[in-house]
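User: Please take me through the charge pairs and the packing of this model. Keep it brief.

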Amino acid sequence: MTQAPSLSGARMLLKRLRNVMARGGAAQLRLDQTVKLIAAEMVAEVCSIYLLRAGEVLELFATEGLKKEAVHKTRLRVGEGLVGDIASHARPLALADAQHHPQFAYRPETGEEIFQSLMGVPILRAGRVIGVLVIQNRTRRQYSEEEIETLETVAMVLAELAAGGELVSQEELRPGDGIALLPLRLDGVTFCPGLAKGVAVLHQATLQLQQLVAEDPEREAERLTGALEELHSSIDQLLDAGDLGQGEHFEVLETYRLFAQDQGWRSRMLEAVQSGLTAEAAVQKVQNDTRARMRDVTDPYLRERLSDLDDLANRLLRHLLGADAPGARRLPEEAIVVARSMGPAELLDYDRTRLKGLVLEEGSQNAHVAIVARALDIPVIGRCADLMQKVGEGDPLVIDGDNEQLFIRPADDILQTFAESMRQRVMKRAAFAALRDLPAVTLDGVKVDLNINAGLLMDVPQIAATGAAGIGLYRTEIPFMISHEYPEVARQTEIYRKVLDGAGDRPVVFRTLDIGSDKVLPYWNRAPEENPAMGWRAIRIALDRPAMLRQQLRAMLNAADGRRLQVMFPMVTEIAEFDSCRRLLEREVARRKAAGLALPEPLLLGAMVEVPALLWQLPELVARVDFLSVGSNDLQQFLFAADRDNPAAAGRYDTLAPAMLRALAEVARVANAAGKPVGLCGEMAGDPIAAMALLCLGYRALSMSPPRVLPMRAAIRNLNFGRLMAYWQAVRHLDGATLRGALLDYALDHNVPL
Ligand code: PEP
Ligand code: MG
């Protein structure tokens, strides 16, 4: 009769294991002693260790109880047999009658036919399976939960021995997908275009744990509790730091804090400590288990929670080890950061002189980190499935943002092609740069204002670098998003002043906060919304929390200090909303006046046209505003009812489809008739083909991401507007289809650079 090892038995086993590990000698020898020891302690006739080799093959590395000749001979593919099944699902298996299991794969060389029951657990490292640990019994044995736990704990210690590089080379242990050392290509979605070459730097790379088995569980429990306390108070500090506004920002970071205080998490870690692991190893084990359990979860909400848990576990480990944040480490000369997902501030932690690109497993085009990366002008590819499993630290990578691809360990031909593309790009850039000081005017004299969209102070020098007319859209929410706390009036004033100073005599359009939707403030914990893009966002929040908008307007007035000020309100849906925003501004102006402070000259007020409801209120709107700016990103998503962040929906409808063109035509017609300047600041403004359509519709001001300005200037300077307009008149009624094809033909026929 076999019996489960008690808790102290598990501890004893770990202790003995530690002695084996500490003895030194060849890793293979230690592995052989380990299986003997585990078999004896777990009262099993067999204990075997399989390790993953290149090509997704699990090789028997050591065994007690099976035939020794089978060692290094028996190989199973991941997914093959019970051992392969444990590896492919990254979960334990305990079977009293293993031989009759449909997955059982008989290997005569092992002599395992006499063993009826089997229990195996994955050997995990950093959430990845690197092997399988198995015990077998001759009789039908029901393995208990506790025994599974014990074997998992042992597997964790073995993971470190296996990862040491002596048994299987580090190269082979790198994550792969059946061709671990061969080049791989992953498709993703380009968040920021461009090319980059460098070596992989894994964000939140696994911290190296030196000590896994503990002498004194009580002390480890104390260390863990102490570190948890530190973690809680550091989160509390974040929560309580600074002025969180008018008391509206209660429950900031609350979800995160609740996770940190989760009793289940704590007790799972304490349990692992009781079984003989060090505090660090316990944190890692619980994190490994959670990751493995959630491996196949695709629900975006749960995946977000998983990254919260990953983040917490890493923070806790850093508290235990006294380690720095991942972005603080020294980078290789050309680094490409690889992450599952990342916050915008985390990206800024990295040394910008060495950071050449970013690859994300998740994320979206408009994710904050993508916005920051665009400001840094580094190529970003996101939504690369299984990225973290396929890239290892130090892997050479090439990002091809133009073709939405990532090359892992690229072969020579790819590297050569890459070098050639890079060379051409540098030449093209030089040619564009020569255009910087030339006006954006068509061959027949139509002048177009090319502005930049900005959101960070570091964007502002792009005005000079591109020769832009000014900032057509300053997204004020970006500084709010990357800040750890709500910026007070003084802080906001300082930011806006620097923007105005940096722009000099070029105009800047400040858009008031457009938070909500995908733009979340880290310190503002809002109730989740079913449809945040159509929910409580932008001026809807501002009008419900007028103090916030007033503070922002006050900061803008302070910053302008008598200079020109242009303010624009996002997501205006009804005329009354614009009126209410204006009244709030007037109150701030009156307040300044009463204080004898300088008033902006001129003070211009605009509205964004991005909610289709406004299309039927244009006459009333233009009567009130000083200028209009079309937010085509939102206008398009609402017009087509197609989520801009969802590639399955967003890519379906073209910006040059008739519905969109008619809406755009109407806005320009009404604004131009009233003599009110009208521009467009969505993504389409940076696309030369779309810009050709916009010129024909009557737009003369475009605002785009900075890297688009020089190519756009080149396109405009090669256009004859009169001829384009004649062509437009002929094709614009093409039945029901997008005009993109027709305009592309024109551009190609007339040497318009694209
Ligand atoms: C838009 O909606 O087109 C726009 C410019 O604003 P944002 O992308 O910030 O929503
Ligand atoms: Mg918008």
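**Salt bridges and cores**

Analyst: In this predicted model, Arg740 and Asp654 meet through their side chains in a salt bridge, 2.9 Å from N to O.

User: How many residues apart in sequence are the parts that Arg740 and Asp654 tie together?

Analyst: Arg740 belongs to helix α28 (residues 740-749). Asp654 sits in the loop between α23 (647-650) and α24 (658-673). The pair therefore ties together parts separated in sequence by 86 residues.

User: Is Arg740 buried, partly exposed or exposed?

Analyst: Its relative accessible area is 25%. Buried needs under 20%, and exposed needs over 50%. So Arg740 is partly exposed.

User: Which helices does the salt bridge between Glu41 and Arg16 link?

Analyst: The closest N and O atoms of Glu41 and Arg16 are 2.2 Å apart. The two residues are 25 residues apart and lie in distant parts of the chain. Glu41 is in helix α2 (residues 27-41), and Arg16 is in helix α1 (residues 7-22).

User: How many salt bridges does the structure hold?

Analyst: Some are linked in a network, made up of Glu477, Arg511, Asp514, Arg537, Asp634 and Arg644. The count for the structure is 39.

User: Where does the largest nonpolar core lie?

Analyst: This core has 126 residues, and Phe569 is among those with the most contacts inside it. Helix α25 (residues 688-697) gives the largest share, nine residues. Both domains named here give residues to the core, so it lies between domain 2 (188-205 + 333-423) and domain 4 (435-749).

User: How many residues are in the second, separate core?

Analyst: Its members include Phe61, Tyr143, Leu167 and Val286. The second core has 61 residues.

User: What is the relative accessible area of Thr512?

Analyst: Thr512 lies in the loop between β17 (508-511) and α18 (538-544). Beyond four places in sequence, its contacts include Glu477, Met556 and Phe569. Thr512 is buried, and its relative accessible area is 1%.

Methods:
Residues numbered from 1 in each chain as written. Chains lettered and ligands numbered in written order. Predicted model: local features only at pLDDT ≥ 70, side-chain atom pairs only at ≥ 80, totals over all residues. Heavy atoms only, no water. Helix = DSSP H or I, 4+ residues; strand = E, 2+ residues; numbered from the N terminus. Buried < 20%, exposed > 50% of the residue type's maximum accessible area, 1.4 Å probe, protein only. Contact = heavy atoms within 4.5 Å. Core = buried A, V, L, I, M, F, W, Y, C linked by side-chain atoms within 4.5 Å. Domains from an automatic or database assignment. Salt bridge = Lys/Arg side-chain N within 4 Å of Asp/Glu carboxyl O.
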